[in-house]
Amino acid sequence: MADYQGLLTDLIKKQIIMLGPNVAVSQARKVASITVSDDGQVSAISGDPHEALNSLVAQYMNLSGQIAKTTLDSLLEKYPEIKGNDGN
């Protein structure tokens with residue numbers, strides 16, 4: 001679970017750089033299964049962490065399309081055990 005928290009936090013922090021903190025954090029908070037601090041840190045995940053990841057990516061893709069997907073792909077290289085679970 002800690003790996004997912006790290007991945008989700010990294011993704012939010014990348015989006016903060018691209019979208020600004022208000023937009024990035026507010027979009028992340030639309031994902032009901034994660035708890036996000038004002039600085040973008042994910043402190044809790046309820047339910048399936050992979051579903052939380054998919055929901056967060058979908059939120060950002062609604063705003064910034066392929067950029068969010070590319071960002072996720074580059075971050076997944078840091079978390080090979082998660083990358084293996086989703087079939088990539």
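Gln 15 is buried, with a relative accessible area of 0%. Buried means under 20% relative accessible area, exposed over 50%, and partly exposed in between (1.4 Å probe, protein chains only). Gln 15 belongs to helix 1. Leaving out residues up to four places away in sequence, Gln 15 touches Gly 20, Ala 24, Tyr 60, Ser 64, Ala 68 and Thr 71. Contact here means heavy atoms within 4.5 Å.

The model is predicted: local features need pLDDT of at least 70, side-chain atom pairs count only at pLDDT 80 or more, and totals for chains, interfaces and linings use all residues. Residues are numbered from 1 along each chain as its sequence is written, and side-chain values use heavy atoms, with hydrogens and water left out.

Five helices and two strands make up the secondary structure of the protein. Their order along the sequence is α-α-β-β-α-α-α. The radius of gyration is 12 Å, close to the 12 Å that the globule rule gives for 88 residues, so the protein is as compact as a globular protein of that length. This radius is taken over C-alpha atoms, and the rule is 2.2 Å times the number of residues to the power 0.38. Helices (H or I, at least four residues) and strands (E, at least two) are DSSP runs, numbered from the N terminus. Along the principal axes, the C-alpha atoms fill a box of roughly 30 × 25 × 20 Å. Of the 88 residues, 41% count as buried. Among contacts with a separation of 6 or more, 64% join residues 24 or more positions apart.

In soluble globular proteins, nonpolar side chains tend to be buried together. In this model, the largest nonpolar core has 25 residues. Those with the most contacts inside this core are Leu 7, Leu 8, Ile 12, Ile 34, Leu 53, Leu 56 and Tyr 60. Two or more core residues come from each of helix 1, helix 2 (21-28), strand 1 (34-36), strand 2 (42-45), helix 3 (49-64) and helix 4 (66-76). Helix 1 gives the largest share, six residues. A nonpolar core is a set of buried Ala, Val, Leu, Ile, Met, Phe, Trp, Tyr and Cys residues joined through side-chain atoms within 4.5 Å. Neighbours within four places in sequence aside, Leu 56 is in contact with Leu 8, Leu 11, Ile 12, Ala 28, Val 31 and Ile 34.

Two salt bridges were found in the whole structure. A salt bridge is a side-chain nitrogen of Lys or Arg within 4 Å of a carboxyl oxygen of Asp or Glu. Lys 78 pairs with Asp 10, the closest N and O atoms being 2.9 Å apart. Lys 78 lies in the loop between helix 4 and helix 5 (80-85) and Asp 10 in helix 1, so the pair ties together parts that are 68 residues apart in sequence. Lys 78 is exposed, at 53% relative accessible area. Asp 38 forms a salt bridge with Arg 29, with closest N and O atoms 2.7 Å apart. Asp 38 is exposed, at 64%, and Arg 29 is partly exposed, at 42%.

The protein exposes about 4600 Å², of which carbon and sulfur atoms supply 52%. Ile 17, Met 18 and Ile 67 form a nonpolar surface patch with about 320 Å² of accessible area together. Met 18 sits in helix 1 (residues 2-19) and is partly exposed, at 38% relative accessibility. Patches are made of residues with over 30% relative accessible area and no salt bridge; like charges are joined within 9 Å, nonpolar side chains (Val, Leu, Ile, Met, Phe, Trp, Tyr) within 5 Å. Accessible areas come from the Shrake-Rupley method with a 1.4 Å probe; for residues, only the protein chains shown count as cover.
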